[in-house]
Amino acid sequence: MSNEIQSLVETSVTSHQRQQASKMDFRLKCLGSAVLAVLATSASHQIAEAQTAAEAPTQIQNAARKGAGDSSIPDHVQQVDEPHSLEQRSYKQLIATVEPAVVTIRIEGRDGGEAGIGTGFYVSPTLIATNHHVIGEGRPIVVNDSDGNSIEVLAVEASDVSADLAVLRVDRQVKGRIAPLRPAQPSSQQQGTRVLAFGNPFGLEKSVVEGIVSAEREIDGQTLLQLAMPIEPGNSGGPLVDLHGQVVGIVNMKSAIEDNLGFAIPIQRLTELVEHPNPIAMENWVKLGRLNQDAWQPVFGPVWKQRGGALVANGQGTSFGGRALLLSEKQPPEGTFEVAVNVRLNDESGAAGLAFHSDGEHLHYGFYPSGGKLRLTCFRGPSVFQWDILAEVDSEHYLPGEFNELKVRLDGDAIQCFVNGHRVIKSKDRKFIKGKVGLAKFRSTEATFTRFRIAETIQSAKFGEEAAKVLERLKLPKLPIDSVTEQQRTLLAQTPFLTKRELNRQAKQLEQQADRLRQFADDIETRTTIDELSKLDQTEPDQRLLRGALLIAKLDHPQLEVSAYRDRINEMADDIRAMFPDDADDAAKLRSLDQYLFEEFGYHGSRQEYYHPANSHLNRVIDEREGLPITLSVLYIELAWRLGVTVEGVGLPGHFIVRHQSESQTSYIDVFDRGKRLTDGQISQIVSLHTGRQPIDSDLQAATPRQILVRVLNNLIGSAGRKNDGESMLRYANAIVALEPENGRYQLLRAQLLGMTGRVSAAIEKVRQLNADEYPEIAPSALDRLKRSLESMLE
């Protein structure tokens, strides 16, 4: 379950948050129409995929199929007949019918042990549905049927990280009394429908629990079925069936605050996924997110994976407390040295951080946050009785929910522990004085680690003198509440209503200041990335597209390491290069590229969540193998260039494709549709779909790196606009202005978004800098109206 979903499930919206939402609504009413006007008047070739109709992906596919004469239904999708009878069965009959189609799914750890357990169910004679989080990523999968028989998994036939769904292709046909489960009609998802959930809670196989569909909920942008029933670990991926034995949904999570509350994914999402497979053979699936075996040694068997510059840990280790280690193969320096890492926990009740002086098994020290505090511990053996807490402290320098730098200095005489550059613990413990260093995690904590370093000295980032003075001016005063005497409290209590009202007014002001500080912190965090985009023309021409696309992703993923993803693409190109002979021509190289991306690793266009911002983030497209036409095309172009094949992007209205020009012919490649070669007729259909006309010369012009990047940012603005997410829209508008400072429309859009998000003074300053003579595309009347609207917000 993602942090965003968990947060929405576990917490309620505070009154302060509602106040902030009301403010945003007001600002949207004041300025939203002007923002939409700017977007509407932008060039149609730049306002791209994210502004097409919601059904655009399906329409594009249908248009392409008609042009090629393909069937609209994939051959592998089994056509399910209507049930012969909709009479409700007894629970005993219902369970006897459904249970044989339910399977147990286990994920194998690196040491061969079990790293996780979940449930799945047959949807066709050779397809099994489950949750994506059940199978994880890149791990061996073990499936057993209801009789305990092992079923070989041949491929992950389809997967969707954002929808938390996966479909496995298995080698054994369903025989005898086992029959695939049928999907229910949408009416079975109505509030009050009685349902049964099948699964393996806590590994207890063949369990069934009864409940009802209590509501439909929008959580993290997805529609989920809210269930009044107990859901536990191991139920995930199991079928939720109505009293006819038909599948209503797929169980995918429970509430952390209420035992009798769970959630399921509507069955329609699974049907859509099965219709658009992105198969990955198991031999390739286990390579996804794989660790560099030469660099890391996993201990105690959880699931570790590597994404770009980050190491991510999921699942429990096999040592006590769910302890697991990931030890570096790099030998520490002799004598005094330091080890550091940046770490973020998904849940502050968990624990994850540094391990050092390890013998490669049970003996080591650990320094990590746990329960919001910082802890130095010594592990002297495999049991809890051989565990010493050497120190545990609170620190104002530790920031819950954020990336924090942990550092340990080992000088032979003492262990010194630092968080974000501040020493918090010093210990003279000398139980162990040498050994490996690395990472540690405990219990079910999901932790993300970046920038792991070992060196004689590691310099933590520090403020310069002038910067420190600026920050000192921004400090809020400390409230002297504790110094108020009993006599003064009695005095205030004489007018309790007035006193409370005044104190609440002051509290509201402090909350507003805190919001502004967070907003300012976000602005500063993205400023460096915006500056780098503004200097993109100073980068080598063949590096601008990739660097720019990753910098755009960095706007929303500040910890992203551009160099790590550049290295990742280079590694992918090396793998593809090994697939063809040295004398291969361009056509052979592109066939190998297609085979690698689409057949072996399942890269595909996003259909279920076309407008999700992840589809425009190149790092997530690389990691999750799903994206928009333009971001998939960027990856394709970068790989082709590294293979020595010259290709270029073509920004058709509403749909981005790739063109390869050889001596004998021109090929148009639809990367969104798994590298499909498009005919002239199919291109005409796509253009007609979005414009109502036939293609003109400008539709087929090659897009420059800057044009591609601006189009990606426009897609992100469209995605954020659908959610009234003004903060994200402002980040993207700032980035477009950095790339195209001469475009007055985007200058105006940025000013409007500054006002919309409460930065009214900055917005007025930007408007005053705009000159209608310098930017003829801006109507003077529009500029004047915006200025008056902004000034009225200061009154």
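This is a predicted model: local features need pLDDT of at least 70, side-chain atom pairs count only at pLDDT 80 or more; totals for chains, interfaces and linings use all residues.

Residues are numbered from 1 along each chain as its sequence is written, and side-chain values use heavy atoms, with hydrogens and water left out.

The chain has 21 helices and 34 strands, where helices (H or I, at least four residues) and strands (E, at least two) are DSSP runs numbered from the N terminus. Of its 795 residues, 49% count as buried; here buried means under 20% relative accessible area, exposed means over 50%, and partly exposed lies in between, with a 1.4 Å probe and protein chains only. The accessible surface of the chain comes to about 36800 Å², and 49% of that surface belongs to carbon and sulfur atoms; such areas come from the Shrake-Rupley method with a 1.4 Å probe, and for residues only the protein chains shown count as cover. A contact means heavy atoms within 4.5 Å, and among the contacts in the chain with a separation of 6 or more, 66% are accounted for by residues 24 or more positions apart.

Helix 18 covers residues 726–739, and its 14 residues should span 20 Å at 1.5 Å a residue, which agrees with the 20 Å between its end C-alpha atoms; the expected span is 1.5 Å times one less than the number of residues. Because 11 of these 14 residues are buried, helix 18 is largely enclosed by the rest of the structure. The buried residues of helix 18 include Gly726, Met729, Leu730, Tyr732 and Ala733.

Leaving aside neighbours within four places in sequence, Asp556 is in contact with His617, Arg731 and Tyr732. The C-alpha atoms of Asp556 and Arg731 are separated by 8.7 Å, although the two residues are 175 residues apart along the chain.

Helix 12 (residues 562–577) has 16 residues and reaches 23 Å from its first C-alpha to its last, close to the 22 Å expected. Its buried residues are Val562, Ala564, Tyr565, Ile569, Met572, Ala573 and Ile576. In helix 10 (residues 496–534) one finds Glu525, which is partly exposed with a relative accessible area of 42%.

Turning to a strand, Val143 lies in strand 4 (residues 141–144) and is buried, with a relative accessible area of 0%. Not counting residues up to four places away in sequence, Val143 touches several others, including Val103, Thr104, Ile105, Ile128 and Leu168. Val143 and Ile107 are 36 residues apart in sequence and 8.9 Å apart in space, C-alpha to C-alpha.

Most residues other than glycine have a negative phi. Phi of Asn420, however, is near 50 degrees, a positive value, and Asn420 is placed in the loop between strand 25 (415–419) and strand 26 (422–427). Phi of Asn724 is also near 50 degrees, and Asn724 lies in the loop between helix 17 (705–722) and helix 18. Asn420 is partly exposed, at 25% relative accessible area, and Asn724 counts as partly exposed at 44%.

On a 1 Å grid over the protein atoms alone, a cavity is a set of points where a 1.4 Å probe fits but cannot get out, and lining residues have an atom within 4 Å of a point. Grid points are joined across faces, edges and corners, and a volume is the space filled by probe spheres set on the points.

The largest cavity has a volume of about 90 Å³ and is lined by 12 residues, of which Val102, Thr104, Ser146, Asn200 and Lys206 lie nearest its centre. Strand 1 (102–108) and strand 8 (194–199) each supply at least two residues of this lining, and strand 1 gives the most, with three residues. The second largest cavity holds about 60 Å³ of space, and its lining includes Ser162, Glu609, His612 and Arg620.

How values were computed: On a 1 Å grid over the protein atoms alone, a cavity is a set of points where a 1.4 Å probe fits but cannot get out, and a pocket is an open set with protein on both sides within 12 Å along at least five of seven lines; lining residues have an atom within 4 Å of a point.
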